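Please look over the structure below before you read on.

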Number of protein chains: 2
Amino acid sequence: MELSERKQIILAAVVEQFIETGEPVGSKGLQAKLGISVSSATIRNEMSELAEMGYLEQPHTSAGRVPSQKGYRYYVDHLMNRREPDDYQRRQMEADISAGGADPQRLIEKAGEVLAQLTNCAAMSTMPKGEGIFIRRVEVVPVGGKTCMTLLLTSAGIIRSRVCRLDFELTASMLENFYNVVSSALIGRPVSEVGAVMLQTLAASLGSEALPLLPLIAAVAELARDADETDVMLEGQSNLLNHREYDGKVYELLEFLNKPQPLSHLISSSKNDLDVLIGKESLFRQLEDSSIILARYNIGLREGGAIGLIGPTRIDYARIIPSVEYLTGLLGKLLKKALEE
Amino acid sequence: MELSERKQIILAAVVEQFIETGEPVGSKGLQAKLGISVSSATIRNEMSELAEMGYLEQPHTSAGRVPSQKGYRYYVDHLMNRREPDDYQRRQMEADISAGGADPQRLIEKAGEVLAQLTNCAAMSTMPKGEGIFIRRVEVVPVGGKTCMTLLLTSAGIIRSRVCRLDFELTASMLENFYNVVSSALIGRPVSEVGAVMLQTLAASLGSEALPLLPLIAAVAELARDADETDVMLEGQSNLLNHREYDGKVYELLEFLNKPQPLSHLISSSKNDLDVLIGKESLFRQLEDSSIILARYNIGLREGGAIGLIGPTRIDYARIIPSVEYLTGLLGKLLKKALEE
DNA sequence: TTTAGCACTCAAACGCTAAGAGTGCTAACA
DNA sequence: TGTTAGCACTCTTAGCGTTTGAGTGCTAAA
């Protein structure tokens, strides 16, 4: 798929102009924009060919051209002139993220907020996930009578808790027994390993006392499963209302974003450091007018989670992609400091 | 402010008709709706008087009448014919709320979801708050090196956690010392009491070891403050997009709802079992086209939190108010079961 | 290969008219 | 005195033809 140099220049200009104004761009306007010494008719011919090749589209006969999905793709892959965030912006990001203190959950949430605000789009972020996350602590706190609360703390700083009801009152010795077994069996183990098999072993080593404590074991298992789930935090949804390309379609999109499964599927299905999904590339009908920029962060050498954003396909890729990349680095650095120092 | 019986009937009919259709209602339509044997001209006269008295408004000369804020108020206070949820709906609500298990946080969140879905509006809910909530447990978990994680668990089942960094490595004996002092000083105390004074006492009883542990103490204090804060969970924001009265104004409203302070202020400023704020009654400019229905739930005899909803002033008060009331009772019952059995 | 010129297309804006819903007033009526 | 029929008047909304203007595609000449 080779494009002549002039075609590349023109395609880039169309994409950038359209991103800037949101209006279809015509040959005359382009001629003015480009310093290039070539007539509008020539540009017209080139654009016509680009349209034939599928890089540009026409809303209707007498309108200008608009980049197609393929056009955006080519732009992002080959033409885009990255605009890195400057020193001031970097410092600003760091300050905003750190504002909530060193708590990991907070940091990640803040990163999403910053991204949303930076881009005027919806942003998402997930907690760290994967093999490197292990169980740091399990607690059972009686809260009166037959009820108790189970807590699970992971090495990523995730806390999960659940109320659990038993058929009897928990005695101190039972609790101790449970602690000993659970601690030796679970602590230090990767969260993702806590499955049905491990729980059977656990129940076995609890011996005769296993049966009554089963609800507790089940609760811990649920907590582990919960902690292992990628749950996606969403920020700045209302920003999407500002984009006129979504007029009348916002509701459908927001409904879609508020279901947890599709987003988390999207996130876990991409393993690259940075992914840009344009329009239908995401394979979700509800996102066919949207682009997604998704980046993973690492904590030290360990794999972390992801942050990303969702906006109209007409998005300022050249500015935003570098910012997202910078943010992942920053977030990884701050998380490492918070968790491992 | 006495209204003749006929005026009352007419006002109620106008309100109900407008709530149903969203169109300004005219004298002729009303005549058909009411079985009443009276001509449209008479109705016209009555409506004209109601308009003069401030209960109705006219969008423009040649349109029908629309209830004013005062009109809604009178309707809700005197005319409304409550429609209680039937058995099926009650069972449905109970099933939906309980679906997530017995965890208090979950229950409350679910109650919000149910409310949002039930009303096609945005719903909010808050955790229990007040004097009755005390500290159940404080934990410090070393997570490697000089970093540790502080946990605070309240009697309402709220968990707060934060990462805390020290200037040195925590030894077992220091930890034990800290535990002993903190446990005896804080556990069983109301969350709201943990202020600066108490912390000074605490620091004093830690003796010579106080200074290096100060960050820990501060962290616990922060957690307590955090747990005492009414933080508002919001559900079903996108439902608001379905109401045409918000066309073009949704963004402002959503922005407003996503700031935590105003909502929590709204909630804490009303202490009744049930509050209905219509239009400007809420005193927030951003809510002048909205109504708020806010209800408190109790856990047993103790005061709990609140659930509520935000929607256009044109809302089906007669159906929704009873549902909200039923929901608070239900939620209180389920929470009590989860926390105190 | 490039460019100027020109006819052609189509959406958006504009102005006008007609329709329809609803009011307010007046005068008659019970 | 309260109620009603009748009617003129108001104002919005929808529909329709026209105009405008941006932009294209084609052709012929440089």
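Leaving aside its neighbours within four places in sequence, with which residues is B:Ser323 in contact? B:Ser323 is in contact with B:Pro85, B:Met93 and B:Leu118, where contact means heavy atoms within 4.5 Å. This is a predicted model, in which local features need pLDDT of at least 70 and side-chain atom pairs count only at pLDDT 80 or more, while totals for chains, interfaces and linings use all residues. Residues are numbered from 1 along each chain as its sequence is written, chains are lettered from A and ligands numbered from 1 in the order in which they are written, and side-chain values use heavy atoms, with hydrogens and water left out.

- B:Ser323 has its place in helix α12 of chain B, residues 317-340; helices (H or I, at least four residues) and strands (E, at least two) are DSSP runs, numbered from the N terminus.
- B:Ser323 counts as buried because its relative accessibility is 6%, given that buried means under 20% relative accessible area, exposed over 50%, and partly exposed in between, with a 1.4 Å probe and protein chains only.

**DNA strand D**

- Around DNA strand D there are 20 residues, of which A:Ser27, B:Arg6, B:Thr42, B:Thr61 and B:Ser62 come nearest; a residue is near a molecule or strand if one of its heavy atoms lies within 4 Å of it.
- Of the atoms of DNA strand D that come within 4 Å of the protein, sugar and phosphate account for 73%.
- Polar contacts, which are pairs of N or O atoms within 3.5 Å (within protein, one must be able to donate a hydrogen and the other to accept it, and residues adjacent in sequence count only if both atoms are side-chain atoms), include one of 2.9 Å between a polar side-chain atom of B:Arg6 and a phosphate oxygen of DNA strand D.
- The elements that give two or more residues to the surface near DNA strand D are α3 (40-53) of chain A and α3 (40-53) of chain B, and α3(B) gives the most, with 4 residues.
- The surface near DNA strand D has 3 nonpolar, 13 polar and 4 charged residues, where Ala, Val, Leu, Ile, Met, Phe, Trp, Tyr, Cys and Pro count as nonpolar, Asp, Glu, Lys and Arg as charged, and the others, Gly among them, as polar.

**DNA strand C**

- Of the 20 residues around DNA strand C, those that come nearest are A:Ser39, A:Thr42, A:Thr61, A:Ser62 and B:Ser27.
- Sugar or phosphate supplies 75% of the atoms of DNA strand C within 4 Å of the protein, and the rest belong to bases.
- Phosphate oxygens of DNA strand C lie 3.1 Å from a polar side-chain atom of A:Arg6, 3.0 Å from a polar backbone atom of A:Ser39 and 2.5 Å from an N or O atom in the side chain of A:Thr42.
- The largest share of the surface near DNA strand C, 4 residues, comes from α3(A).

**Strand β5 of chain A**

- In strand β5 of chain A (residues 147-154), 8 of the 8 residues are buried.
- A:Thr147, A:Met149, A:Leu151 and A:Leu153 point one way from β5(A), while A:Cys148, A:Thr150, A:Leu152 and A:Thr154 point the other way.
- In a regular strand the side chains alternate between the two faces of the sheet.
- β5(A) pairs in the antiparallel sense over 7 bridges with strand β4 of chain A (residues 135-142), and two strands pair if DSSP finds at least two bridges between them.
- β5(A) also pairs in the antiparallel sense over 7 bridges with strand β6 of chain A (residues 159-165), where A:Thr150 stands opposite A:Arg162.

**Cysteines**

- The count comes to 0 disulfides over all chains, a disulfide being a pair of cysteine sulfur atoms within 2.5 Å.
- The sulfur of A:Cys148 is too far for a bond, because the closest cysteine sulfur, in A:Cys164, is 4.8 Å away.
- B:Cys148 is likewise in no disulfide, with the nearest cysteine sulfur, that of B:Cys164, 4.8 Å away.
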